[in-house]
Amino acid sequence: MKNRLYNLIFPIWMLIFIPMTWLIVLPANFLIDSLILLLSLFLFVKSNYWMIYKQTILKIWGFGFLSDFIGALILFSIYLSDFFIQNSVISNWWYDHVFYPVSYDPFSSIFSIIWCSIAVLVSGICIYEFNYRVSFKQLSLEPKTKKKMALLLAICTAPYLFLVPTALFF
């Protein structure tokens with residue numbers, strides 16, 4: 001069974017099985033993070049764009065990958081949970097309504113939609129927290145401005161592809 005672990009741009013399992021995809025994923029994520037950061041600077045800061053950009057973009061980029069990985073661990077935990085409930089009374093129900101749908105088509109079960117949405121939400125929260133508390137910590141901006149910037153990054157760069165059915169790729 002294929003694992004459904006995605007980053008913002010590309011499925012993570014593609015990075016493992018086809019290492020050349022790193023050449024696409026890394027710059028694409030950097031570009032998206034850069035665009036969203038510059039947009040947030042334009043909307044909320046109005047000055048010193050390049051200084052703030054240069055000071056924060058690598059942290060934002062790295063924490064984006066870390067946050068996506070944390071969300072992917074939530075998706076991956078479905079495989080561990082399946083291991084523990086094998087041969088139990090709920091094993092067939094779990095496989096039909098959670099395990100299989102999370103792996104191939106989250107929209108085929110409300111339980112899998114919830115599971116995948118939690119992974120997206122946790123990743124988004126991590127993006128917000130990492131950026132607000134670490135990436136923007138040294139900036140001489142008001143906390144309210146830092147929160148707005150972190151929120152925009154979290155909303156725009158959360159790994160919504162966790163919800164895309166893997167079955168579409170096969």
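The protein exposes about 9,400 Å², and 73% of that comes from carbon and sulfur atoms. Keep in mind that this is a predicted model. The fold is built from 6 helices and 0 strands, and 45% of the 170 residues are buried.

**Surface**
- A nonpolar patch sits on the surface, made of V89, I90, W93, I110, F111, I114 and I118.
- Which helix gives the patch its largest share? That's helix α5 (residues 110-135), with 4 residues.

**Overall layout**
- Read along the sequence, the pattern is simply α-α-α-α-α-α.
- Take the contacts between residues at least 6 apart in sequence: 68% of them join residues at least 24 apart.

**Cysteines**
- How many disulfides does the structure hold? The count is 0.
- C116 is buried, at 0% relative accessibility.
- C126 has a relative accessible area of 15%, so C126 is buried too, since the cut-off is under 20%.

**The loop between α5 and α6**
- E142 lies in this loop.
- Is E142 buried or exposed? At 55% relative accessibility, E142 is exposed, because the label applies over 50%.
- E142 and V45 are 97 residues apart along the chain, yet their C-alpha atoms are separated by 9.6 Å.

- The average pLDDT is 85, and 85% of the residues score at least 70.
- Among the elements, helix α6 (residues 143-157) has the highest mean pLDDT, at 97.
- Helix α1 (residues 12-17) sits at the other end, with the lowest mean, 52.
- Over residues 1-10, pLDDT stays under 50.
- For that stretch, residues 1-10, the model still has 59 contacts beyond four places in sequence.

Key. Residues are numbered from 1 along each chain as its sequence is written. This is a predicted model: local features need pLDDT of at least 70, side-chain atom pairs count only at pLDDT 80 or more; totals for chains, interfaces and linings use all residues. Side-chain values use heavy atoms; hydrogens and water are left out. A disulfide is a pair of cysteine sulfur atoms within 2.5 Å. Buried means under 20% relative accessible area, exposed over 50%, partly exposed in between (1.4 Å probe, protein chains only). Helices (H or I, at least four residues) and strands (E, at least two) are DSSP runs, numbered from the N terminus. Contact means heavy atoms within 4.5 Å. Accessible areas come from the Shrake-Rupley method with a 1.4 Å probe; for residues, only the protein chains shown count as cover. Patches are made of residues with over 30% relative accessible area and no salt bridge: like charges are joined within 9 Å, nonpolar side chains (Val, Leu, Ile, Met, Phe, Trp, Tyr) within 5 Å. A salt bridge is a side-chain nitrogen of Lys or Arg within 4 Å of a carboxyl oxygen of Asp or Glu. pLDDT is the predictor's confidence in each residue, from 0 to 100.
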